[in-house]
Amino acid sequence: MKPVVTLTLNPAIDGASEADRLRPIHKIRTTNERYYPGGGGVNVARVLAELGAPALPVYLAGGATGAVLDQLLAGQGFAPRRVEIAGPTRVSHTVYERETGLEYRFVPDGPEVGPQDMERCLATLEALDFDWLVASGSLPRGLEADAYAPIVALAAARGARFVLDTSGPALPATLAAGPAYLIKPSLGEFRALMGEALEDDDALAVAAARLRAERGVELVAITLGRDGALLAWEGGVVRRRAPDLPVQSATGAGDSFLGGMIHALAQGRGPVEAFDFAMAAGAAAVLTPGTELCRRGDVERLAASPA
């Protein structure tokens, strides 16, 4: 099986720590500090590797923090491909407040990326052999909304399945560039894409089915946070509720969901079976603290549990 290639244009070093209480002005002492390689495509590759599947993350990185990201990616079970840029890789941070059980996430914009950076990125992708290409994460500063369009064309030329997980203007612009096999918007992202409130299950299901027909998307998986997820496919629409689990952190649940679904689909499982496995992966992510993703044992245990 060829590695699933993931693309992250705006990766991050994801820090996580805990504090008793967050207060303005005061110096906040934190404990249990941890750092992970992050960004949508990087996280999807980490999930695939955790599940025992081959993955190959391609990412843009620069500066001293880019070197740190390289170090964090070493030993993850794959051979990543870095595309060098001038600006420093961003550093995000999540703080869990023990007093309230709330989680605070600080996410910077990151470096500016230009057309020449994208040309080197496309050349890196063109040199790889893949059946799956996953573009996941927000666009960095400096790129137009249709920056993923050449990536869509490359996947189509290879006959590869293109997976998209992005937000803002990049989502409709990329869908306009060509069909995707699978998209995974959150509820808020899907509402913005469709320009509708979609306040009940029926309206959401109708809109997801309409998007499939209008945009040529094979699978539309919409994550609904604690309310579960919805899948639109050629056989209809399936809705699943999230299992009732103790939540350590919701960070990374969407990336774990997507990684789990791609893993199952790449193994030849059908859309609904893959969707159920994705539900298990997404649920497993909430059992881990900070920016840690799902663990294979938890995913397999939850996947084996009756719905």
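Modeller: Accessible areas here come from the Shrake-Rupley method with a 1.4 Å probe, and for residues only the protein chains shown count as cover. The protein exposes about 13500 Å², of which carbon and sulfur atoms supply 50%. This is a predicted model, in which local features need pLDDT of at least 70, side-chain atom pairs count only at pLDDT 80 or more, and totals for chains, interfaces and linings use all residues. Residues are numbered from 1 along each chain as its sequence is written, and side-chain values use heavy atoms, with hydrogens and water left out.

The protein contains 10 helices and 13 strands; helices (H or I, at least four residues) and strands (E, at least two) are DSSP runs, numbered from the N terminus. The radius of gyration of the protein, 19 Å, agrees with the value near 19 Å that a compact globule of 307 residues would have. That radius is taken over C-alpha atoms, and the globule rule is 2.2 Å times the number of residues to the power 0.38. Along its principal axes the C-alpha trace spans about 55 × 45 × 40 Å. Of the 307 residues, 51% are buried, where buried means under 20% relative accessible area, exposed over 50%, and partly exposed in between (1.4 Å probe, protein chains only). A contact means heavy atoms within 4.5 Å. Among contacts between residues at least 6 apart in sequence, 64% join residues at least 24 apart.

Now the rings. A pair of aromatic rings is described by the distance of the centres and the angle of the planes. Rings of Phe, Tyr and Trp (its six-membered ring) pair if their centres lie within 6.5 Å; planes under 30 degrees apart count as stacked, over 60 as edge-to-face and the rest as tilted. Searching the whole structure on that basis gives two aromatic pairs.

One of them joins W132 and Y181: the ring centres are 5.6 Å apart and the planes stand at 85°, so this pair is edge-to-face. It links distant parts of the chain, 49 residues apart, with W132 in strand β8 (residues 132-136) and Y181 in the loop between α5 (170-177) and β10 (182-183). W132 counts as buried because its relative accessibility is 8%. Y181 is also buried, at a relative accessible area of 16%.

The other pair is F257 with F275. Their ring centres are 6.0 Å apart and their planes are at 75°, so this pair too is edge-to-face. F257 sits in helix α8 (residues 253-266) and F275 in helix α9, so the pair ties together parts that are 18 residues apart in sequence. Both F257 and F275 are buried.

S136 is buried, with a relative accessible area of 1%. Outside its sequence neighbours up to four places away, S136 touches L7, T8, G40, G41, V44, Y148, D165, D255 and L258.

The buried residues of α5 are A170, L171, A173, T174 and L175. These buried residues pack against α4 (149-158), β9 (161-165), β10, α6 (187-194) and α7 (201-215).

Helix α9, the element of F275, covers residues 271-285 and includes A280. At 5% relative accessibility, A280 is buried. Leaving aside residues up to four places away in sequence, A280 touches V299, L302 and A303.

Two backbone angles deserve a check by eye. Most residues other than glycine have a negative phi, and most peptide bonds are trans. I25, although not a glycine, has a positive phi of about 75°. I25 lies in the loop between β2 (12-19) and β3 (31-38) and is exposed, at 89% relative accessibility. N32, likewise not a glycine, has a positive phi of about 55°. N32 belongs to strand β3 and counts as partly exposed, at 42% relative accessibility.
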